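User: Please take a close look at one side chain in the structure shown here and set it in its surroundings.

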Amino acid sequence: MTMIEQWILEDERELEARCARFRAARLRLDHNDGADEIGVEEDPAA
């Protein structure tokens, strides 16, 4: 496997993880009818 192929795989995994986080956040907002404060980022270390 070349370095380019490795980077592509890593980028693909990162994109999938970001999409999963987005979907989870969207579900939380939908579940709470948007009652959460939008624009307030959670601490990723929490």
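What is the relative accessible area of Glu14, and is this residue buried or partly exposed?

Analyst: Glu14 is partly exposed, because its relative accessible area is 35%, where under 20% would be buried and over 50% exposed, with partly exposed in between (1.4 Å probe, protein chains only). The model is a predicted one, in which local features need pLDDT of at least 70 and side-chain atom pairs count only at pLDDT 80 or more, whereas totals for chains, interfaces and linings use all residues. Residues are numbered from 1 along each chain as its sequence is written, and side-chain values use heavy atoms, leaving out hydrogens and water.

The setting of Glu14 is helix 1, where Arg18 lies four residues away from it, so about one helical turn separates the two. They form a salt bridge in which the closest N and O atoms are 2.8 Å apart; the term requires a side-chain nitrogen of Lys or Arg within 4 Å of a carboxyl oxygen of Asp or Glu. Arg18 itself counts as exposed, at 52% relative accessibility. Glu14 also meets the side chain of Arg21 in a salt bridge, with 3.6 Å from N to O.

The structure holds three salt bridges. Another of them pairs Arg26 with Asp30, whose closest N and O atoms are 3.4 Å apart. These two residues are likewise four positions apart in helix 1, and therefore about one helical turn from each other. Arg26 is partly exposed at a relative accessible area of 47%, and Asp30 counts as partly exposed at 44%. Salt bridges with shared partners link Glu14, Arg18 and Arg21 into one network.

Helix 1 covers residues 3-31, which is 29 residues, and spans 42 Å from first to last C-alpha, close to the 42 Å expected at 1.5 Å a residue (1.5 Å times one less than the number of residues). Just after helix 1, Asp33 adopts a positive phi of about 55 degrees.

Met3, which is in helix 1, counts as exposed at 55% relative accessibility. Together with Ile4, Trp7 and Ile8, Met3 forms a nonpolar surface patch of about 450 Å² accessible area (residues with over 30% relative accessible area and no salt bridge, nonpolar side chains being joined within 5 Å).

For the protein chain of 46 residues, the buried share is 0%. The chain exposes about 4,600 Å², of which carbon and sulfur atoms supply 57% (Shrake-Rupley method, 1.4 Å probe).

Conventions:
Patch = residues over 30% accessible without salt bridge, like charges linked within 9 Å, V, L, I, M, F, W, Y side chains within 5 Å.
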